[in-house]
Amino acid sequence: MKNKEPLILVVVIIFTLVTYYLVEPFAHSQMHKHVESEHFAYADLPAPTKTGDVARGQELVLGAAACTGCHGIEAAGMPAPMDAVTAAASYGVNPPDLSNAGLVYDAKFLTDLIKNPAHALMVEHKFDINKGQMHPMVPFYGAGGDMDQEVADMVAYLVSIAPKAEDLTPAMAFETACGRCHAVHYEKWTQIGSKPMFKKKQDELAFDTQVLDYQDSLKAYMGKLPPDLSMYIRSRGEHFISTFVENPQNYLAGTAMPRVGVTAESAEKVIEYLEDSGDTKRHERESIGVNVMLYMLIFVIFAILWKKQVWRDLH
Amino acid sequence: MAHFTKATSIKDWLNQRLAIEKVEKVMMSEYWIPKNINFLWAMGMVLVITFALLLVSGIFLLMYYQPNVNTAFDSVNYTIMREVDFGWLWRHVHGVAASVVFLIIYIHMFTGIYYGSYKKGREMIWISGMLLFVAFSAEAFSGYMLPWGQMSYWAGMVITNLFAGGSLHADGLVEWIRGDYVPAQAFLTRFFMLHVLLIPVAIMGLIGLHFGALRIPHVNNQDGEDIDFDVEADKYLKGDKAGSKVIRFANDFMAKDMMVVAFYLVFFFYLVFYHYGFAMDAVNFDPADGLKTPAHIYPEWYFLWSYEILRPFSTDIGLMAFAFAQVIFIMLPFLDRSPNTVPASRRGLFKYWFWAMLVDMIVLTAMGKLPPEGIFSTIGLVAALTFIGLWILLPIITMMEKKA
């Protein structure tokens with residue numbers, strides 16, 4: 001009698017793989033829209049034509065352009081004019097400190113943002129000047145000279161005060177780009193900063209109250225409270241997050257979430273931050289996985305040898 | 001009272017009290033299994049090992065899981081996945097095993113159908129096996145509620161709604177099952193109880209019944225051969241191991257089982273470490289939110305075929321078709337009217353029935369996950385009607401079958 005086992009095995013494997021293909025890759029390709037990465041090129045934004053002058057930029061940012069009326073710049077010794085909760089009550093969301101802006105955000109994006117925030121952020125459907133809906137960030141109308149040159153100078157200044165590229169940490173990227181709207185409670189991050197340990201319950205409650213007040217302003221500004229991102233790396237996955245951040249309108253036309261304008265490198269750091277939150281043990285999983293697989297392969301060898309020994313007399 | 005003598009060894013001491021030598025013979029060395037079997041006969045042992053993995057990983061998870069609607073999600077995703085040493089490993093083992101166990105159950109079931117292992121005295125093996133399938137389904141469903149993610153909540157909502165019985169509007173029954181108008185704390189706690197106590201106990205009892213049901217009719221073989229176990233066992237014990245048509249359960253059969261188990265575990269741990277996504281749906285990593293229905297609600301892959309029998313019809317007809325699909329497999333020994341206990345390949349029309357059923361269930365499974373739109377709805381409807389049609393045809397084609 002010929003051995004039918006190889007044939008049976010092939011049949012079992014084929015039916016299993018066909019089922020797997022249909023319910024996983026195929027079904028998901030039908031259920032979810034696929035968006036290709038644009039590699040954070042921001043191709044819709046014009047490339048800056050002027051070379052900026054740092055000293056001139058500094059004068060503008062700290063002076064005529066009035067940036068520091070709303071934004072703090074810790075790196076230049078300028079504290080935020082208001083605390084986060086008051087700022088959110090005034091603007092809807094706390095305007096970011098600009099110390100890292102030159103590193104985290106794309107220069108093209110910053111250039112466009114300064115001139116026309118709603119356009120760069122892709123929230124023109126929400127902030128239409130013709131309908132009297134002003135974006136809380138006031139556009140820069142020029143300081144009397146060549147406006148493109150002035151904007152280039154300001155961007156050059158922001159780049160000059162930003163940390164070096166190799167010093168960019170996942171937390172820095174996340175907090176600058178995402179953290180004023182999204183909490184990550186697995187990393188103890190709230191919209192107003194990291195939640196410290198408190199000795200007194202009263203202090204903790206006071207902090208929580210501030211967070212709730214901030215969230216109320218944010219809710220009114222965004223339409224709903226932006227979700228906590230603790231498990232987003234597992235619920236959405238790297239590809240979705242990265243392409244969503246690149247252009248939220250691609251997935252959710254009309255969403256209040258702005259295009260954040262991060263560079264490709266910053267986006268990678270943001271992903272790393274989310275992995276540290278929602279997939280903390282990924283390195284351990286990989287290293288233990290290798291050992292377990294090796295152990296199982298050795299077990300297979302012994303199992304085959306035992307079977308051969310026992311069955312020697314049975315044939 | 002039995003007569004006890006001074007024991008000569010620990011073994012003798014135990015033997016006088018527990019008859020361990022006799023137990024060993026009955027359960028292992030003189031429990032006879034046919035020799036002409038293939039690796040599909042090892043699926044029982046593969047299931048035992050998978051169940052053991054589920055039980056052990058479940059015990060570890062149970063030490064940190066909190067069945068409370070406010071803390072359940074974080075106890076799984078924060079405490080177990082981040083804080084507890086190897087908590088992530090136990091969770092991935094548990095999640096992957098819960099999915100893979102159904103793959104093996106389906107292989108085991110279709111092996112039984114192909115070789116006619118539910119006939120001529122083996123009916124109780126089949127029936128106890130199908131009861132195990134029901135118990136495992138309930139166990140899988142109740143376990144899926146526990147992380148209290150979006151899919152937990154909405155699957156709980158949809159499945160408990162089925163008990164309203166469509167036009168019967170048995171909403172009181174649904175509330176009674178949920179302990180609330182919607183899935184909430186009472187719902188979570190009772191499904192927790194079912195998952196960690198009542199259903200596992202039932203499963204263990206049914207496994208005992210399933211094994212017991214094998215004893216008298218013996219295990220089937222791949223050639224449909226009617227083996228005289230007493231004669232063949234005698235031949236084996238007299239030393240003609242090669243000539244005998246039977247082998248000992250241990251170590252003969254066990255050695256082959258463990259070889260298959262070893263290969264299986266390589267596959268299993270590959271999934272645990274490198275390809276677990278299929279068993280841990282992304283949607284369930286969003287915390288339960290009763291105000292936000294997910295865009296697509298679908299059960300895990302192993303329930304998709306019966307879900308698709310429910311879906312293409314109007315509510316009442318769908319529920320009837322669904323109820324039909326749930327109970328019909330258990331009736332198989334009585335719907336197959338042919339006296340032949342041989343592989344499907346030697347059974348005339350049944351051969352085509354078998355492959356048609358297998359393919360139809362895979363089509364149903366695929367359509368059950370896809371959005372019910374356009375061509376997918378049509379294919380789903382045809383496949384659901386085919387499923388019902390095949391079962392209606394079964395008694396007819398098996399009655400026409402000639403004696404093999």
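Q: How many residue pairs are in polar contact between domain 1 of chain B and domain 2 of chain B?
A: A polar contact is a pair of N or O atoms within 3.5 Å; within protein, one must be able to donate a hydrogen and the other to accept it, and residues adjacent in sequence count only if both atoms are side-chain atoms. Between domain 1 of chain B and domain 2 of chain B there are 12 such residue pairs, both residues at pLDDT 80 or more. This is a predicted model, in which local features need pLDDT of at least 70, side-chain atom pairs count only at pLDDT 80 or more, and totals for chains, interfaces and linings use all residues. Side-chain values use heavy atoms, without hydrogens and water, residues are numbered from 1 along each chain as its sequence is written, and chains are lettered from A and ligands numbered from 1 in the order in which they are written.

Q: Which element gives the most residues to the side of domain 1 of chain B that touches domain 2 of chain B?
A: Helices (H or I, at least four residues) are DSSP runs, numbered from the N terminus. H5(B) gives the most to that side of domain 1 of chain B, with 10 residues. The residues of this side divide into 18 nonpolar, 10 polar and five charged, where Ala, Val, Leu, Ile, Met, Phe, Trp, Tyr, Cys and Pro count as nonpolar, Asp, Glu, Lys and Arg as charged, and the others, Gly among them, as polar.

Q: Which side chains meet in a salt bridge?
A: A salt bridge is a side-chain nitrogen of Lys or Arg within 4 Å of a carboxyl oxygen of Asp or Glu. Here the side chains of Lys119(B) and Asp336(B) form one, at 3.2 Å from N to O.

Methods: Helices (H or I, at least four residues) and strands (E, at least two) are DSSP runs, numbered from the N terminus.
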